[in-house]
Amino acid sequence: MQDFIATLEDERARATLLCAIERNRPFHRFKEAVYRDPEIGRDWSDFHDQRMRHHAITWLLAEGLINGQEARDALPEDPPIE
């Protein structure tokens with residue numbers, strides 16, 4: 001969540017989301033705040049999907065289920081994976 005917040009250019013949105021994760025029930029409050037603004041909600045969904053895809057590909061590579069070239073092909077926007 002903090003990585004996503006750091007990508008936002010809108011100071012007000014950043015401050016709102018930072019406040020949300022610093023309070024009780026941070027996941028719930030973050031989700032509430034993110035989805036109040038449809039554009040930020042879409043950005044969060046895209047960010048989250050990309051991050052989860054990266055973690056999945058990295059895990060597959062670490063487990064030897066795919067090779068480095070397959071990982072690079074699956075994540076062309078990321079830095080090379082060795």
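**Figure 1. The lining of the largest pocket, by residue class.** In this predicted model, the lining of the largest pocket has four nonpolar, one polar and four charged residues. The pocket has a volume of about 180 Å³. Asp10, Arg12, Ala13, Thr16 and Leu17 belong to the lining, as do Ala33, Arg36, Asp37 and Ile40. Helix α2, residues 11-22, gives the largest share of the lining, with four residues. Rolling a probe the size of a water molecule over the atoms shows where empty space is left.

**Figure 2. Arg14 and its polar partners.** Arg14 is found in helix α2. Which side chain makes a polar contact with the side chain of Arg14? That partner is Glu11, at 2.2 Å. A polar atom of the Arg14 side chain also lies 2.3 Å from the backbone oxygen of Leu8. Beyond its neighbours within four places in sequence, Arg14 is in contact with Ile5, Leu8 and Glu9. Phe4 is 10 residues from Arg14 along the chain, and their C-alpha atoms are separated by 9.3 Å.

**Figure 3. Arg25 in the loop between α2 and α3.** Arg25 lies in the loop that joins these two helices. Arg25 is not a glycine, yet its phi is positive, at about 55°. Most residues other than glycine have a negative phi. Is Arg25 buried or exposed? Its relative accessibility is 55%, and the cut-off for exposed is over 50%, so Arg25 counts as exposed.

**Figure 4. Pro26 in helix α3.** Pro26 is found in helix α3, which covers residues 26-34. Its relative accessible area is 26%. That value falls between the 20% and 50% cut-offs, so Pro26 is partly exposed. Leaving out residues up to four places away in sequence, Pro26 touches Ala20 and Ile21. Asp49 is 23 residues from Pro26 along the chain, and 20 Å separates their C-alpha atoms.

**Figure 5. Helix α4 from end to end.** Helix α4 has 25 residues, 38-62. Just after α4, Gly64 takes a positive phi of about 75°.

**Figure 6. The buried residues of helix α4.** Which residues of α4 are buried? They are Ile40, Gly41, Trp44, Phe47, Ile57 and Leu61. These buried residues pack against four helices: α1 (2-7), α2, α3 (26-34) and α5 (68-74).

**Figure 7. His48 in helix α4.** His48 lies in helix α4. Its relative accessible area is 32%. This lies between the 20% and 50% cut-offs, so His48 counts as partly exposed. How far apart in space are His48 and Met1? Their C-alpha atoms are 8.8 Å apart, while 47 residues separate the two in sequence.

Definitions and conventions. Residues numbered from 1 in each chain as written. Predicted model: local features only at pLDDT ≥ 70, side-chain atom pairs only at ≥ 80, totals over all residues. Heavy atoms only, no water. 1 Å grid on protein atoms, 1.4 Å probe; cavity = no way out; pocket = protein on both sides within 12 Å on 5 of 7 lines; lining within 4 Å. Points joined across faces, edges and corners; volume = space filled by probe spheres on them. Nonpolar A, V, L, I, M, F, W, Y, C, P; charged D, E, K, R; others polar. Polar contact = N/O pair within 3.5 Å; in protein donor to acceptor, adjacent residues only side chain to side chain. Contact = heavy atoms within 4.5 Å. Expected span 1.5 Å × (residues − 1). Buried < 20%, exposed > 50% of the residue type's maximum accessible area, 1.4 Å probe, protein only.
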